[in-house]
Amino acid sequence: MKKKIAFITGITGQDGSYLAELLLKKKYTVHGLLRRTSILNVDRIQDIIYKYEKQKKLVLHYIDLTDTSSITNLIIKHKPHEFYNLAAMSHVGISFSTGETTMNTNAISSYRILESILKNHKKCKFYQASSSEMFGSTPPPQNEKSSFNPQSPYGVSKVSAFYTTRYFRQAHGLFSSNGILFNHESPRRGLNFVTRKITHSLARILVGKEKKIYLGDITTKRDWGHAKDYVYGIWLILQHKKADDFVLSTGKNYSIKDFLKKVFKILGLDWRKFVKTNTKNFMRPSEVRNLKGDSNKAKKILKWRPKYNLDDLCKDMLISDLKLYNLSLNKAKKIAKKLK
Ligand code: NAP
Ligand code: F7E
């Protein structure tokens with residue numbers, strides 16, 4: 001069989017980097033779309049660049065997501081079998097002050113890409129990175145039938161892209177699917193999302209580079225999984241025989257306070273000594289208070305199941321951040337004893 005060609009927007013991000021690794025292992029040719037930045041921003045994909053770029057199994061193209069004509073040219077030239085649209089302005093808190101960019105990048109781009117696929121390469125399967133933020137204030141558990149009540153420009157933009165993806169499927173027969181993913185984290189998570197902020201700052205506290213972690217509201221609850229499990233689910237969604245929408249989640253939720261407790265406990269520390277909460281800068285005009293997903297549909301139809309639990313995730317993230325500061329877990333525990 002001819003080798004599959006996949007396009008990934010957002011390849012430099014957390015999910016894009018894990019998905020690219022997975023597809024390359026599955027012998028796909030991967031075309032990664034990245035935007036030009038003043039500092040080369042390929043840390044998460046450096047290893048696969050060394051391993052696959054020379055043989056043209058990984059091909060990178062500098063293209064901003066909002067530059068649809070360039071994306072169209074690439075679609076016409078390479079005729080991808082699968083298009084994973086992962087690029088986004090993905091920070092909910094920041095979206096409150098960057099609403100227009102957020103809508104343009106996250107909502108309008110999806111519309112333009114789908115229109116281009118319809119006109120130029122109808123056979124291409126399309127994946128849209130939809131989000132549990134779309135549920136907003138809808139009480140848990142949330143599944144594919146729950147209503148959307150977004151609470152941020154980010155949430156609104158993702159609802160728009162969700163319905164756009166459905167519209168091209170229902171009206172034009174495209175294979176366009178939504179993955180409605182609940183929060184998923186990893187050592188590759190951006191530093192300004194709450195989980196990574198906590199594990200990374202704790203490592204910095206141990207080496208004396210920080211004294212306290214300043215957080216916003218720590219009473220909100222999230223359903224956290226590991227990004228490695230979720231990119232496998234993303235791939236399964238496009239391998240299913242028909243296009244559809246699927247929730248991916250663990251089905252368990254915890255507060256930010258629970259996450260703090262778990263991470264600090266690994267080193268035998270009391271988080272309350274090192275954290276200041278309700279810091280104004282990190283409070284949002286409106287909050288999504290309680291997310292807990294019901295992914296029975298994905299379990300039943302795709303046979304998808306997450307392997308990591310929250311304790312595994314906390315440990316994985318903390319150990320990785322300790323390494324950045326040349327600390328082993330044992331060494332960190334010794335330093336922590338002195339900080340008690
Ligand atoms: P991420 O780490 O923030 O990565 C976002 C990616 O989008 C980065 O590669 C970024 O490029 C790229 N990007 C942003 N604006 C762009 C533009 N104008 N042109 C080209 N590329 C652009 O996000 P993630 O956690 O991997 O999430 C992947 C997708 O899933 C996103 O759409 C996100 O909204 C969605 N999602 C995430 C979660 C989660 O918990 N992680 C849950 C549900 C849905 P730079 O590296 O240059 O910034
Ligand atoms: O916030 C609270 C914050 O920014 C989680 C994105 O991947 O998942 C992510 O969005 C909670 C919120 O993730 C701080 O107010 C407290 O209640 O880590 P977060 P998020 O907003 O849930 C969804 C599913 C996506 O789709 C998004 O792309 O933690 N919180 N103090 C804080 N959050 C941050 N970032 N920083 C704080 O200091």
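How many residues surround ligand 1, and which are the closest? The count is 25, and the closest are Thr12, Arg35, Asn41, Ser90 and Tyr154. Keep in mind that this is a predicted model.

**Who lines the ligand**

- Sorted by class, the shell around ligand 1 holds 11 polar residues, nine nonpolar ones and five charged ones.
- S5 gives the most, with three residues.

**Polar neighbours and cover**

- Asparagine 41, one of the closest residues, has a side-chain N or O atom 2.7 Å from an oxygen atom of ligand 1.
- For alanine 88, a backbone N or O atom is 3.2 Å from a ligand oxygen.
- On its own, ligand 1 has 900 Å² of accessible area, and the protein covers 90% of that.

**Two helices side by side**

- Helix H3 (residues 68-78) packs against helix H5 (residues 99-120) at an angle of about 35°, and their axes are 10 Å apart.
- If you look at how H3 and H5 cross, the crossing is right-handed.
- On the H3 side, the contact is made by Thr68, Ile71, Thr72, Ile75 and Ile76.
- Their partners in H5 are Arg112, Ile113, Ser116, Ile117 and Asn120.
- The residues of this H3 and H5 contact split into five nonpolar, four polar and one charged.

Definitions and conventions
Residues numbered from 1 in each chain as written. Chains lettered and ligands numbered in written order. Predicted model: local features only at pLDDT ≥ 70, side-chain atom pairs only at ≥ 80, totals over all residues. Heavy atoms only, no water. Near = heavy atom within 4 Å. Polar contact = N/O pair within 3.5 Å; in protein donor to acceptor, adjacent residues only side chain to side chain. Areas by Shrake-Rupley, 256 points an atom, 1.4 Å probe, with all protein chains shown as cover. Helix = DSSP H or I, 4+ residues; strand = E, 2+ residues; numbered from the N terminus. Nonpolar A, V, L, I, M, F, W, Y, C, P; charged D, E, K, R; others polar. Axes fitted to C-alpha atoms, helices over the stretch in contact; angles between N-to-C directions. Left-handed = near helix turned anticlockwise from the far one by under 90°. Contact = heavy atoms within 4.5 Å.
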